[in-house]
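Thanks for coming. I have one structure to go through today, and I will take it region by region. Please have the model open while I talk.

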Amino acid sequence: MPNVNLLVLILCIMCLNFSSFALGLGFKLEQFEERTQSVILENDFVRIRINERGGRISQFYLKEADYDFCSDDGSVFSGLGKIRDVYYNNIETLTGRHRLELESSSPERLTVKATYLAHSGNLAGLEISRSYTLREDSTFLDCRILLKCLEQESELQINLHSLFPIDPENNEVYHFIPSKRGLASFSQNQALLQKMNLCMDPAQPWCAFIDRKKLCGMALLAKNLEQLEGMFVWASANNFTLELNFNNLKLRPVAAADEWEAEFRLAPLQGLSQINQLGNSGAFSWQSDGALLEAKFMAFTSGSANFRVRQAAHTLAEDRFDMQKPNQVASLQWESGRQAEEYHLEWDAQSYVSTATMSLKKEQVESPSLLQSLPKKELHGPSGFYYYYPELWLSQEGQTSLAFGLRGDFRKHQDLRFAIDLPPGVQLPYSRAEILAESELELEGKPYHRVEIQSFRKNSYTNAVMLNLLLDSKFEEGSRLFIQALWKDGSQEPLAIKLRQAPQLLEIGSGLRHFKIGIHDDLPSDSWPPFSRIGINVFMLSSWDAPLMLYDYKGKGYLQKQVDDIKAAGLFPIYGYPSPYNHIGRVLQKMEPYYGGAGTLFHPEKSYQPLDLEQARAVNIHGKKVNMPCPSFHGPLLAKAEDALKSILDYGFEHMCYDEEMWSSGSTVCYCEKCQKGFADYLRAHSPSLAYVDPAQATLNPDKYPRQLDAWWEYKTDMVAEIYRSLRRVIDTYENKGGEKRQVWVWVDCSVGEGRYGAITQRLTDYAKLGRYVDLLLPMVYSANAEDVAKVIANGRKALEGSNAHIAAGLSPNRSYEYHRVLSGNLAPEDAMRQQLLESFFNGAQAAVVWSWKAALRGALDYHKINQAVYMLLPVEDILYKGELVEGLVECDNPEIKLSVWRYQDKLAVFLRNYEPETLRARLKLPQFYSKLTDTLSRESFSASNNLELVFQKDRVKVFLVE
Ligand SMILES: [Zn+2]
């Protein structure tokens, strides 16, 4: 096979978009400088684009049908043929940049090779290469995955993941998975309700979908059934996936055998509305219409063949077909025989024979049921205490939490405790756990101080213990701290944590004036870092004590000291509280005995109000009562929520933040009698001309009842918004003699997309509707990726246009202490906190709150990152707050760098960023009117006319004030 890499490279340097489309089969390379960003493969039938991002297929266009299987919105999550390491959820495999090469260019076939070397986590040193081959005379793409283990032992599970976009109005998409219990076939709508649609007993190595509206579809075929653990279709409102989970892999960097290989094919389907069997040569489908039977074969390649139907030795129908092109359909019809149970179908082509056994009896059996979630797997790896960052960043300027997780079951051990050995220069000013003993010892030739701490947990738990550390002048960079578990007659191997000193905080004066940056916490003020010097100006008290007001009223001023402490530290006090219904989910699930007390209302006076919990439960579409309140059952539950809010106001807080996580399966609730009746009333009031349809029927048959289904969503989301209307009224009026504007914030689902079927399908939280009654919506964007934050905030801002509320960001770049992160090292970039704050405010957020900050932040390093973000925002805050987002005013000559510009009066705020590792250069082109440009981090000013060259190297974000 001739290697044409060099040739291609030389040609590409000469000509930016080298292509060869002269023949039936051609390619085009899309380059940026020397890098190939994507390769387009094209023949007479399809056009396929392989993207360097994730090595995924970002376009798969079927020409004759005018059907595109991808919608490439630039997101790495779009596209086909992506691979993931599902076992440890290592996102690096999804998003990394692959090296693209065109490997061979014979006249009949073209191969693109995408190679990726994982640099971190459990996959570090693993080389993943994929090849995609397109032939001149077919529509399918043959793909191969090859893993090579180069550095360390890897245990992983590869998932092959293809995401297909779907118009939510299209109700004619059907999915097919052959299980050992029969062929599972189901509509997109059924898939949506069932969620995962997992088959753990695949009978053949393929899954497929068909869009009956366009008679088009795609099959994902693996070569080897034995390699597959399961297959599934994951459906959401705007898309679905076809996925293959391969068996677990264990690779070692020693033997040649430690390579792993899998092959698969992405094969477009045409002209069929059903699939009964599929193979490498084509697809069979069949149906019966009374006495008349019909079988079809769609051949993947052109050529002539005999199509035959036999029953035992009798040929019932036969014809010869001459297929001029790939993906043509041949059809045979015949009369049903007397023992018409099984027929033998045979497609006899020149170079192959495809056969199928057609059984009508089997087809009448109901589609076999599929699973809704993956079976639980035992994680391998160490047991004990773990810290999950590679190092712990501390500071002399403020206490930093050392929060670590506990994994394993230590219940059998008596006297379980932690020993923490502190090197010189490290103090422990605060511990939430009881200190049992302190002693001195020598480690690594240095005097260490040992603190032994009571463990309040004895089995797996994250954030097992919280304690604060503080550096003093004796600290030596890079010294190590040790933690280990001790118990009667035993101990864990000590775990060493490398300590680093964070950079000094920049002077930010009184910080941001309009925008808010918050954390939520419940620790006493003597354990706080200097929040306002860092740039944090909101303290959200999230106390577990206060839910006790469900069972007992603590009286006026109960939290006044906390409120005063928060204010004294220059922070905005807001109470962060589980949910409008006070963790009713937990109450419904297991805390029922306490609820008698919870039902006791204190405002205006203590009284007992009985509540039939069964009545409050939502009924899902399968008719089952679930541990979720019914969205239209307000009554005593809402009264209790109002009462709890009054308690919080009594306790001393003025502002409230809710956590809207009640209706986690919004699309499958609530079909109780009350909701049905409420819906009927809603229709009469809002759309009198629309006939009532049982909402379950409308949900199951959206094509038949599109308007009723729409109205059903409106009704449900109205019911949820109603709750906030009541809470708003309470917070505005309850003992608010001064009439001060109190704030209501709410954490919401982050899956806000374009159009109305965004977040509301998940949690019934319609941003625009909630925006009528609350001040801030905080989508929980708990992602390591700043681009995700940008997208959610931009969409949220659009969704809230014209409402009273503003968008804000709920951030947690490293989430909480999830054990798989320890093994995978799947951590956010060190600069994530600064990147995400800048993305938030430059996309229109007015606040950001960090969830679980002690585990989600990299200690004092993120004090510095937050502080730096605030320092960069200060000179432009007014422009962002009072101004508008403008497009086209400023130009950047490097398309790899993303640009956001805000304008207020005669000033601009400009944000430039790129999150890739390469060095990039760019020039900004400003309108003539402006004369001065100030880098808000270095605070250096430049003349705007000087055509300033910007370099992106280590620092990937820049903010400018333009005057
Ligand atoms: Zn209901």
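Predicted model: local features only at pLDDT ≥ 70, side-chain atom pairs only at ≥ 80, totals over all residues.

A residue counts as buried here when its relative accessible area is under 20%. Phe-842 has a relative accessible area of 0%, so Phe-842 is buried.

Overall numbers to begin with. The protein has 963 residues, and 58% of them are buried. The secondary structure consists of 21 helices and 63 strands. Taking contacts between residues at least 6 apart in sequence, 68% of them join residues at least 24 apart.

Next, the metal site. Which residues coordinate the zinc ion? The ligands are Cys-630, Cys-670, Cys-672 and Cys-675, each through SG, at 2.2 to 2.3 Å. Along the sequence, the donor residues follow the spacing C-x39-C-x1-C-x2-C. The angles subtended by the four donor atoms run from 97 to 117°, and the arrangement is therefore tetrahedral. For reference, the tetrahedral label requires all angles to lie between 85 and 135 degrees. Cys-672 is at 12% relative accessibility and so counts as buried. Cys-675, at 1%, counts as buried too.

On to the rings. A search of the whole structure gives 39 aromatic pairs. One of them is Trp-334 with Tyr-343, an edge-to-face pair with 5.4 Å between centres and 70° between planes. Both Trp-334 and Tyr-343 are buried. Another is Phe-404 with Phe-418, where the centres are 4.8 Å apart and the planes stand at 90°, so this pair is edge-to-face as well. Phe-404 sits in strand S33, residues 400–409, and Phe-418 in strand S34, residues 417–422, so that the pair links parts of the chain 14 residues apart. Phe-404 has a relative accessible area of 0% and is therefore buried. Phe-418 is also at 0% and counts as buried. Ring pairs also build a cluster out of Phe-60, Tyr-67, Phe-69, Phe-164, Phe-209 and Phe-240.

Asn-197 is located in the loop that runs between helix H3 (188–194) and strand S16 (198–199). Is Asn-197 buried or exposed? Its relative accessible area is 2%, so Asn-197 is buried. What lies beside its side chain? A polar atom of the Asn-197 side chain is 3.1 Å from the backbone oxygen of Ala-191. The backbone oxygen of Val-233 is 2.8 Å from a polar atom of that side chain. Beyond its neighbours within four places in sequence, Asn-197 has contacts that include Ile-177, Phe-186, Met-231, Phe-232, Leu-370 and Leu-371.

Helix H16 covers residues 786–799, which is 14 residues, and spans 20 Å from first C-alpha to last, close to the 20 Å expected at 1.5 Å a residue. At the start of H16, a side-chain oxygen of Asn-785 comes to within 3.0 Å of the backbone nitrogen of Glu-787. The buried residues of H16 are Ala-786, Val-789, Ala-790, Val-792, Ile-793, Ala-794, Asn-795 and Gly-796. What do these residues pack against? Their partners are helices H15 (767–770) and H18 (832–842), together with strands S51 (776–781), S52 (806–807), S53 (809–811) and S57 (898–904).

That brings us to H18, which is mostly covered, with eleven of its eleven residues buried. Just after H18, Gly-844 adopts a positive phi of about 105°.

Phe-842, as promised, is found in H18. Phe-842 and Trp-902 are 60 residues apart along the chain, and their C-alpha atoms are separated by 7.9 Å. Setting aside residues up to four places away in sequence, Phe-842 touches Trp-902 and a number of others, among them Leu-873, Val-876, Leu-880, Leu-885, Ser-900, Phe-911 and Val-959.

That is the tour.

Technical notes. Residues numbered from 1 in each chain as written. Heavy atoms only, no water. Helix = DSSP H or I, 4+ residues; strand = E, 2+ residues; numbered from the N terminus. Expected span 1.5 Å × (residues − 1). Buried < 20%, exposed > 50% of the residue type's maximum accessible area, 1.4 Å probe, protein only. Contact = heavy atoms within 4.5 Å. Polar contact = N/O pair within 3.5 Å; in protein donor to acceptor, adjacent residues only side chain to side chain. Donors = N, O, S within 2.8 Å, 3.2 Å for Na, K, Ca; no water. Tetrahedral: all angles 85-135°; square planar, octahedral: opposite > 155°, others 65-115°. Phe/Tyr/Trp six-rings, centres within 6.5 Å; stacked < 30°, edge-to-face > 60°.
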